[in-house]
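Thanks for coming. I have one structure to go through today, and I will keep it short.

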Amino acid sequence: MNIVTKKRARDIAEKKYKYGFVTDIESETAPKGLSEEIVRFISAKKNEPAWLLEWRLKAYRHWLTLTEPDWANIHHPPINYQDAHYYAAPKRKKLQSLDEVDPELLKTYEKLGIPLREREILAGVEPRVAVDAVFDSVSVATTYKKKLEEQGIVFCPISEAVQKHPALVKKYLGSVVPITDNFFATLNSAVFTDGSFVFVPKGVRCPMELSTYFRINAENTGQFERTLILVEEGSYVSYLEGCTAPKRDENQLHAAVVELIALDDAQIKYSTVQNWYPGDENGKGGIYNFVTKRGACRGKRSKISWTQVETGSAITWKYPSCILQGDDSVGEFYSVAITNHHQQADTGTKMIHIGRNTRSTIISKGISAGKAQNTYRGLVKIMRSAKGARNKTQCDSLLIGDTCGAHTVPYIESRQPSARVEHEATTSKISEDQLFYCRQRGLGDEEAMALIVNGFCKEVLAELPMEFAVEAQKLVGVSLEGSVG
Amino acid sequence: MMLEIKNLHAAVDGKEILKGIDLKINAGEIHAIMGPNGSGKSTLSYVLAGREGYEVTQGSVKFRGQNLLELKPEQRAAQGIFLAFQYPVEIPGVSNVNFLKSALNAIRKSRGEKELDAMQMLKLLREKSKNLGMTEDMLKRAVNVGFSGGEKKRNEVLQMAILEPALCILDETDSGLDIDALKIVADGVNTLRSKDRSMLVITHYQRLLDYIKPDFVHVLAQGRIQKSGGAELARELEAKGYASFVPGEAA
């Protein structure tokens with residue numbers, strides 16, 4: 001192989017997962033393994049107050065009594081929890097400004113297309129997105145903090161919020177996902193390292209999209225981020241998260257917890273484009289993504305809307321949910337999950353109707369190709385108190401080829417006779433007719449596939465903020481490469 | 001020479017459907033292919049467009065001097081072959097505008113031409129759709145989804161007008177159309193007639209040929225062209241039927 005063909009081969013590989021590079025950066029890493037000592041180490045590194053250390057230890061001790069859940073339609077070799085690092089941070093002094101951030105790190109984010117230097121983002125133009133960048137275990141930069149602070153909005157790493165807004169953190173952390181919630185959430189509670197904290201005070205409409213960008217870089221490292229978003233009465237925030245990781249042959253664990261709280265008339269729009277490394281076409285490597293996301297519509301007429309585009313990870317296990325406590329509150333879940341090659345996804349939502357006239361909408365689009373397995377798992381639960389509750393669920397699965405699988409597992413529990421629950425599900429194969437029609441009009445086979453699948457996902461993609469929509473459409477095409485023919 | 005088919009044999013699922021077709025079409029000519037059901041009319045159109053599963057077992061097809069059979073469907077489209085489908089396909093969630101923009105730009109790109117942006121595309125679409133009586137709403141709707149039979153066929157002609165092919169193959173474009181819709185579609189096709197563009201009109205009935213006047217008419221039966229003639233042959237067929245071309249089915 002000469003140099004030119006080597007480069008071409010590399011280019012082609014890069015195109016498949018262009019975020020697969022590794023940044024050579026000096027990092028400070030905790031020794032492998034999980035113990036009380038490690039939990040104390042993390043807490044000490046973050047200079048946390050005693051109550052938080054106690055909280056973590058309680059979670060850790062509880063975790064020791066738990067076993068991994070096995071009800072999901074996923075298969076993987078046992079995870080050795082002692083074989084990972086639970087803390088990795090780029091080495092640094094206390095930073096006063098972005099200028100002190102390691103240039104290698106800034107370059108990494110530039111490569112990912114995420115500008116962290118505010119002045120370079122759009123000189124003179126009203127900013128539309130503020131970014132919090134989390135690298136391995138630590139938040140490295142948050143942009144537009146000052147501008148947001150003028151309106152009383154807090155957008156910062158959660159470790160900083162622990163220091164600066166301890167009362168809020170103490171009151172709400174674990175209030176939606178308790179530390180005993182489930183195996184992975186409990187693990188996260190013990191060892192979470194960073195993540196974002198958002199607080200929008202009463203009556204404020206957040207003027208820009210808030211975005212967190214997660215990046216796993218270090219080897220053999222788990223990422224356990226914790227996000228807490230609190231929106232007070234009558235306020236609104238739209239929050240986006242994106243994630244990538246280098247290509248590595250071993251599996252890496254990602255177990256995040258996200259908690260959302262919406263008070264009266266508050267609205268939270270939470271969008272995810274998850275593009276963790278999915279492993280290679282033989283199923284080697286890739287991220288194990290075990291995530292607990294839950295929002296509480298505590299207030300009357302509050303609304304929480306989850307939109308997710310899940311294209312990455314070897315395994316995706318996540319069920320962004322809404323607890324509809326406030327009367328007339330609204331929960332929404334819009335999901336696209338694409339699995340190709342050996343990827344496995346078991347994803348869906350839970351809508352728990354407690355308040356009167358609560359409404360929920362679920363639209364799930366699952367696409368499977370290659371040897372992938374894609375499961376929608378959803379629970380709609382109507383409590384006796386939820387008079388007049390309504391739910392509408394639509395689950396569509398699309399199969400590409402005949403070696404993949406699509407599964408739909410809806411659970412409906414209703415204790416309130418006046419509630420209305422609708423469930424529709426379809427499964428279809430991408431049709432030869434459609435592909436041929438597109439190709440006859442001049443589109444290449446992969447282009448045709450991307451167009452048809454984007455059409456299939458349109459209702460969900462339309463829910464994404466503009467800044468993410470174009471990227472997500474491209475991602476849909478890229479993740480299906482190699483699935484045609 | 002636009003198209004030259006020599007001794008073309010083709011099979012579907014191992015069953016031979018086309019059994020030796022010979023046909024020459026010069027630039028600017030309109031050829032009609034008529035024949036009973038199951039004679040191989042649609043198979044011929046799919047073979048020319050390169051559909052998978054339609055296996056050429058013998059013979060050759062030259063399109064503007066080059067071997068058509070070695071090209072992929074999208075390459076044939078880029079070279080100027082357009083097939084108006086008998087049953088246009090629905091693509092949910094993809095707007096007509098987006099579909100046509102993607103198609104036209106894919107073709108322009110492969111020809112080394114500059115791609116059109118959304119505004120240029122919309123302008124072009126408005127201009128071309130006027131004569132076809134297509135509303136702005138139809139352009140924004142998903143490709144063929146919820147379209148009536150007539151609307152689908154008009155949409156095919158619109159695509160043809162936008163992509164400006166060298167050879168148009170119309171596969172039973174008249175099927176499922178009432179007389180008003182037929183006129184609109186035929187008018188649309190007629191405005192695309194030019195000395196550089198050839199057409200292959202496949203139909204069961206003579207009716208369409210009252211509106212799209214062919215230069216030549218061929219009778220396809222049992223996988224072969226049984227008879228060729230001028231426009232008058234179509235009327236003869238309408239009067240006598242196909243029975244004389246199908247042994248064992250004598251009237």
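I will talk about one helix, then the contact between two chains, then one strand. Before that, a caution: this is a predicted model.

Start with helix α10 of chain A, residues 432-440. Is this helix mostly covered or mostly open? It is mostly covered, with 7 of its 9 residues buried. The buried ones are Gln434(A), Leu435(A), Phe436(A), Tyr437(A), Cys438(A), Arg439(A) and Gln440(A).

What covers them? Part of the cover comes from chain A itself, namely α11, residues 445-456. Chain B contributes as well, with α1 (41-49), α2 (73-79), β6 (81-84) and β7 (91-95) among the covering elements. Just past the end of α10(A) sits Gly442(A), which has a positive phi of about 110°.

Now the two chains together. On the chain B side, 20 residues are in contact with 16 residues of chain A. Four elements of chain B, α2, β7, α3 (96-110) and α6 (149-163), each supply at least two residues to that side. By type, the chain B side consists of 15 nonpolar, 3 polar and 2 charged residues. Note that α2 and β7 of chain B were also named in the cover of α10(A).

Last, strand β12 of chain A, residues 267-274. Why call this strand largely enclosed by the rest of the structure? Because 7 of its 8 residues are buried. Its partner is strand β14 of chain A, residues 303-310, and the two pair in the parallel sense over 8 bridges. To find the pairing on screen, look for Tyr270(A), which stands opposite Trp306(A) in β14(A).

That is the end of my part.

Conventions
Residues numbered from 1 in each chain as written. Chains lettered and ligands numbered in written order. Predicted model: local features only at pLDDT ≥ 70, side-chain atom pairs only at ≥ 80, totals over all residues. Buried ≥ 20, exposed ≤ 12 C-beta atoms within 10 Å, placed from the backbone. Contact = placed C-beta atoms within 7 Å. Nonpolar A, V, L, I, M, F, W, Y, C, P; charged D, E, K, R; others polar. Pairing = 2+ DSSP bridges.
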